[in-house]
Amino acid sequence: MERRLEGQVALVTGASRGLGRAIALRLAVDGARVAVNYARSASGADEVVSLIRDRGGDAVAVQADVTDEKQAGRLVEVVSAHFGVDVGVIVNNATGPQPELTVERSSWRDYQDQLDFFVKAPFLLLQAALPGMRRLGRGAVVNIGSEVVHRGAAPFATYVAAKAAMIGLTRSWAAELGGDGIRVNLVAPGWIPVERHDGADTSRYAAEVPLGRVGTPEELADAVAFLASNEASFITGQCLTVNGGLTFE
């Protein structure tokens, strides 16, 4: 496989498990030196790093709460210092709990919690990495969105609203930063089962999908790797939905 990200430093948030884990492993296959960010699961992050190193790649685990301004800025500094190269790829994957909340049971704090993960954290990381990307003369930001924006999933308005806001910032940043050689795109997965879905019945969801099944973390990771690479050098401000054709936007 061509090493499309050879020499680049990629920071993947929430990479100790689930989709983030698959993304980190895939970017390493493409030659990226990968920063495996985690909030609490040090053992999971260390396992991802070990897998990457066992396969001949280079990775480091770095703990940080990416919703905290000081920690997010420090994260970028630590990663760049460790590898000796500015961060050129950011994958905003970190997430928190996604409770089912009706309008009556919701508070503004519930909305704010989701916005912290899907708007505040990407903003803090991009702001911290921007000087380095400008020094590199390039950069790629891949935000992990969700099909729920197009499906209007209920009762998840707090989550849906924050993921919708993520699309808006993706498009605006793409327009603003294109002149710096920095591309910003979003991948919107459907329901892709990971560890926390063990035992879940996917049959009803799969029956709605034109391709007749749920996706895999590796399939999402392939899409992220493409958008992070030079093969997508003329693609920015786009929302790529990875859900087997369940939605067409």
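**Notebook: sheet, pocket and cavity**

I began at Pro 155, which I found in the loop between α5 and α6; helices (H or I, at least four residues) and strands (E, at least two) are DSSP runs, numbered from the N terminus. A cis peptide bond links Ala 154 to Pro 155, with omega at about -5°. For background, I noted that most peptide bonds are trans.

A reminder to myself: this is a predicted model, where local features need pLDDT of at least 70 and side-chain atom pairs count only at pLDDT 80 or more, while totals for chains, interfaces and linings use all residues. Residues are numbered from 1 along each chain as its sequence is written, and side-chain values use heavy atoms, with hydrogens and water left out.

**The sheet**

Next I looked up the strand order. I found an open sheet of seven strands, running β3-β2-β1-β4-β5-β6-β7 with parallel pairing; two strands pair if DSSP finds at least two bridges between them.

Then I turned to β1 (residues 9–12). Val 9 and Leu 11 point one way, Ala 10 and Val 12 the other way, and all are buried (under 20% relative accessible area; exposed is over 50%, partly exposed in between, with a 1.4 Å probe and protein chains only). β1 runs parallel to β2 (residues 33–38), joined to β2 by four bridges, and I saw Val 12 opposite Val 36 of β2. From β1 the chain passes through helix α1 (residues 18–29) to β2, a right-handed β-α-β crossover: with the strands pointing away from the viewer, the path from the first strand over the helix to the second runs clockwise.

β1 also pairs with β4 (residues 87–92), again in the parallel sense over four bridges, and Ala 10 has Val 89 of β4 as its bridge partner. β2 and β3 pair in the parallel sense over five bridges, with Val 34 opposite Ala 59 in β3.

How much space lies in the largest pocket? I noted about 1300 Å³. On a 1 Å grid over the protein atoms alone, a pocket is an open set of points with protein on both sides within 12 Å along at least five of seven lines, a cavity is a set where a 1.4 Å probe fits but cannot get out, and lining residues have an atom within 4 Å of a point. The largest pocket has 44 lining residues, and Thr 95, Gly 96, Gln 98, Tyr 159 and Arg 196 lie nearest its centre. α1 gives the largest share of this lining, three residues.

The largest cavity has a volume of about 30 Å³. Its lining residues include Thr 13, Asn 93, Phe 117 and Met 166, and α4 supplies the largest share, four residues.

Last, I checked Asn 93, in the loop between β4 and α4. Asn 93 is buried, at a relative accessible area of 11%. Asn 93 and Val 142 are 49 residues apart in sequence, yet 8.6 Å apart in space, C-alpha to C-alpha.

Definitions and conventions
Grid points are joined across faces, edges and corners, and a volume is the space filled by probe spheres set on the points.
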